[in-house]
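Please go through the following structure step by step, moving between the sequence and the coordinates as the text names each part.

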Amino acid sequence: MLVLLLALLLGTVCCIPRGADPKKANLYTGSQFHCGDGSQSFPMEYVNDDYCDCNDGSDEPGTAACSNGSFYCVNKHFKGQLISSSRVDDGICDCCDGSDEMGGQCSNNCKELGTHTAEAAKKIRREQAIGFQTRLAYVTDGKTAKARRDQDISVFATEEETLRAELEERQAYKEQVEGPAKEAKETAKAALEKVEAEKREAGKEKNRAAAELELGRIDKDNNGEISADELLDYGKSEDSLLPYEEVAEMVEGGEIETATIVDMIQTQIQNKREEQERFDAEEKKKEEKRAKKPRLRDIVPTPAPDENSDEELWGEDGKIIEKAPLDEFDVDLDDLGDSEDDYEEMEDEEEDESQDPAPIRNTVEYDPETQKLIEVFNEAESLYNEAKSRHDGAKRQLEDVQKLSNLDFGSDEEFFVLKGQCFELRDDQYKYKLCPFDRSDQDGTNIGKWDSWEKGADGVNKYNVMMYTKGNSCWQGPQRSTRVDAMCGPENQIMSASEPAKCEYAYVFATPAACTKVQDEDEIHDEL
Ligand code: MAN
């Protein structure tokens with residue numbers, strides 16, 4: 001036993017049979033051999049006699065006699081290795097020390113292999129050591145960022161609260177002044193509409209009087225009746241208000257009614273007026289556009305004009321009020337007090353209307369009292385809007401930092417630095433991209449959004465596998481997902497990308513964040 005132990009320590013197998021596993025050296029001591037499974041015993045000479053006696057093949061470690069036996073390659077300077085005994089003396093060199101073949105048929109290349117493997121292992125260790133150093137920096141950065149986030153959250157939350165209080169206050173004030181302004185506006189609008197309706201009526205009357213006057217021109221002999229000849233003559237005259245065809249039709253029909261003629265003339269006068277108004281309105285609009293002063297204006301249908309219509313407008317109390325310069329009109333009549341959306345809608349409407357030549361519009365002014373209420377409201381609204389936009393900004397800022405804070409960047413915040421970065425790998429077919437804590441994609445197709453950490457094969461480390469799920473749907477397959485196995489590496493890099501099952505992707509991702517402290521150099525040597 002002592003000899004055997006000594007042999008093991010010296011790395012030799014001087015006293016155990018060829019191909020025997022040093023771990024089972026005790027089987028081959030004494031004069032009797034006991035099969036490894038304890039089933040039978042034989043004299044020691046039965047060992048390696050090229051005849052298989054034990055069911056477990058343990059009596060023939062150094063021959064190919066047992067189909068289930070194993071041969072131990074000592075492989076000094078490299079790693080001992082068990083191979084199937086069927087590979088013994090088959091003319092192929094399996095062990096690096098060549099011991100599986102008789103008579104020095106194979107060269108011993110264990111030393112080179114050992115040196116090469118040791119160097120490769122050393123390189124990996126070195127890279128892991130570098131990775132671990134980087135991880136330490138990641139941890140520092142991650143922890144600093146976390147502390148900053150925590151601080152930001154408390155600052156932003158206080159700020160958001162202050163701004164919310166201010167917003168609520170301004171909203172209450174806006175609501176308070178909105179009612180009176182709206183009411184005053186409506187009253188003013190109703191009064192204006194009333195005045196305008198009256199003006200329209202008056203306009204009609206004027207048209208009628210003008211038509212009666214025109215009748216005098218037709219009735220040349222002034223006998224109070226319109227004859228067919230008088231009517232036809234009038235129709236032919238250059239300044240006739242009636243088209244000749246209509247006049248001729250009337251004469252032909254034999255019904256020359258004075259009232260009908262007055263109506264016809266009145267209609268013509270009215271049409272002409274309206275045409276002129278439309279033209280004027282168009283011109284005015286063009287002028288405004290040219291002046292490039294786009295403003296929201298109160299708009300109402302234009303009343304029938306009278307001589308003063310261009311110069312005068314009427315206040316709520318029916319008093320004429322001075323027409324103010326255009327710049328003063330920036331009041332929104334119907335949509336008083338509502339959101340920016342309404343403002344945009346109104347502007348859109350204005351835009352649409354500019355395509356349409358028909359409508360006649362006019363600006364509206366209010367009496368000073370109403371104007372004052374509107375101004376108070378407008379001021380309250382703009383203060384509210386300004387507070388709202390500040391509060392919205394603070395809220396967004398708080399939500400953003402909270403969202404970031406809810407992400408799990410590892411036990412020591414070591415994965416934090418990966419947030420906001422993306423890594424790519426191109427294989428023969430696709431370009432894969434991983435943006436940690438965000439998403440994974442294949443040629444731009446979403447193959448998973450950040451979901452959670454999962455334990456890796458060791459079942460212990462909580463931060464081994466990143467799961468990205470709920471990607472784009474896959475035809476006749478599951479919704480796309482990516483599993484990312486994080487391994488230690490000196491830098492961040494997708495090492496491989498594959499699709500083990502349809503639309504289920506797998507990356508191996510090297511990152512310093514996954515590195516742990518490397519065993520010291522001496523241990524590396526001991527292992528080899
Ligand atoms: C595309 C790729 C593949 C996927 C098939 C499924 O070709 O996204 O990875 O397997 O779609 O139809």
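In which loop does Lys-470 lie? Lys-470 belongs to the loop between β13 and β14, where helices (H or I, at least four residues) and strands (E, at least two) are DSSP runs, numbered from the N terminus. Lys-470 has a positive phi of about 55 degrees although it is not a glycine. With a relative accessibility of 54%, Lys-470 counts as exposed; in this text, exposed stands for over 50% relative accessible area, buried for under 20%, and partly exposed for what lies in between (1.4 Å probe, protein chains only).

Before going further, note that this is a predicted model, in which local features need pLDDT of at least 70 and side-chain atom pairs count only at pLDDT 80 or more, while totals for chains, interfaces and linings use all residues. Residues are numbered from 1 along each chain as its sequence is written, and side-chain values use heavy atoms, with hydrogens and water left out.

The protein as a whole has eight helices and 16 strands, and of its 528 residues 36% are buried. Its accessible surface comes to about 31100 Å², of which carbon and sulfur atoms hold 49%; such areas come from the Shrake-Rupley method with a 1.4 Å probe, and for residues only the protein chains shown count as cover. Among contacts (heavy atoms within 4.5 Å) between residues at least 6 apart in sequence, 52% join residues at least 24 apart.

With β15, in contrast, β16 runs antiparallel, joined by six bridges, and the bridge partner of Ser-496 in β16 is Val-508. β15 and β16 also form a hairpin with two residues between them, and in that turn Cys-503 has a positive phi of about 65 degrees.

A further positive phi occurs at Asp-50, which is not a glycine and has a value near 65 degrees. Asp-50 is found in the loop between β2 (41-43) and β3 (70-73), and at 54% relative accessibility it counts as exposed.

Turning to the helices, α2 (residues 110-218) packs against α3 (residues 228-236) at an angle of about 110 degrees, with the axes 9 Å apart; axes are lines fitted to C-alpha atoms, for helices over the stretch in contact, and angles run from 0 to 180 degrees between N-to-C directions. The two helices are therefore roughly perpendicular to each other, a term that covers 65 to 115 degrees, whereas angles under 35 degrees count as roughly parallel, those over 145 as roughly antiparallel and the rest as oblique. Glu-214, Arg-217 and Ile-218 of α2 meet Glu-230, Leu-231 and Tyr-234 of α3 in this contact, and these residues divide into three nonpolar, no polar and three charged. In that scheme, Ala, Val, Leu, Ile, Met, Phe, Trp, Tyr, Cys and Pro count as nonpolar, Asp, Glu, Lys and Arg as charged, and the others, Gly among them, as polar.

Within α3, the residues Glu-230, Leu-231, Leu-232, Tyr-234 and Gly-235 are buried, and the buried residues of this helix pack against α2, α4 (244-253) and α5 (258-291).

Glu-160, placed in α2, is buried, with a relative accessible area of 9%; leaving aside residues up to four places away in sequence, Glu-160 touches His-391, Ala-394, Lys-395 and Leu-398. Glu-178 also lies in α2 and is buried, with a relative accessible area of 13%. Between Glu-178 and Leu-373 there are 195 residues of sequence separation, yet their C-alpha atoms are 8.5 Å apart in space.

Note on methods: Pairing = 2+ DSSP bridges.
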